[in-house]
Amino acid sequence: MQCSRCNHHHTQKIGLSRHKRQRWMCMGCHRTFGDKDLRLIDPKIKALALAMYAEGIAARKIERLLHVSHNAVLWLGAQRSCWQSTSSCARQRSSGH
Ligand SMILES: [Zn+2]
């Protein structure tokens, strides 16, 4: 699990919320968060959100249109440079297969 705020990988399970969802705490920024936000978005929705974001559509609008959290959209936007570039990230990804 990766922290949605600082992208720290060192996160820890801290039990279940009262809605029986797994709660996590980031060891980097000590933020707590649930597991619903980022990781469970359909890849197709992700790509769509990213494309919309790239077109300059506001994250909150995308949130309404695609029913994803605007935090997720912003997070995706932050990953965008990596996503689109043909440099190290992309090469790493393709060579990983
Ligand atoms: Zn964090």
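Visitor: What makes E2 and E3 a hairpin, and which residue in the turn has a positive phi?

Guide: This is a predicted model, by the way. E2 and E3 have five residues between them, and the turn residue with the positive phi, about 60°, is His-30.

Visitor: How do you know that E2 and E3 pair?

Guide: Two strands pair if DSSP finds at least two bridges between them. E2 and E3 have three, in the antiparallel sense, so they meet the cut-off of at least two.

Visitor: Why are E1 and E3 said to stand at the edges?

Guide: The open sheet runs in the order E1-E2-E3. E1 and E3 (32-34) each have a single partner strand, so one side of each is left without a neighbour in the sheet. On average, neighbouring strands here are turned by 35° against each other, direction ignored.

Visitor: What makes strand E1 (residues 11-16) hardly covered?

Guide: A residue is buried if 20 or more other C-beta atoms lie within 10 Å of its own. Among the six residues of E1, the count that are buried is zero.

Visitor: Now the helices. How do you know that the span of H1 agrees with what it should be?

Guide: H1 covers residues 43-54, which is twelve residues. The expected span is 1.5 Å times one less than the number of residues. That should come to 16 Å, and the end C-alpha atoms are 16 Å apart, so the two agree. After H1 comes Gly-56, with a positive phi near 90°.

Visitor: Where do H1 and H2 meet, and how do they cross?

Guide: From H1, Ile-45, Leu-48, Ala-49, Met-52 and Tyr-53 meet Ala-59, Ile-62 and Leu-66 in H2. The axes of H1 and H2 (residues 59-66) come within 10 Å and cross at roughly 145°. The crossing is right-handed.

Conventions: Residues numbered from 1 in each chain as written. Predicted model: local features only at pLDDT ≥ 70, side-chain atom pairs only at ≥ 80, totals over all residues. Buried ≥ 20, exposed ≤ 12 C-beta atoms within 10 Å, placed from the backbone. Helix = DSSP H or I, 4+ residues; strand = E, 2+ residues; numbered from the N terminus. Axes fitted to C-alpha atoms, helices over the stretch in contact; angles between N-to-C directions. Left-handed = near helix turned anticlockwise from the far one by under 90°. Contact = placed C-beta atoms within 7 Å.
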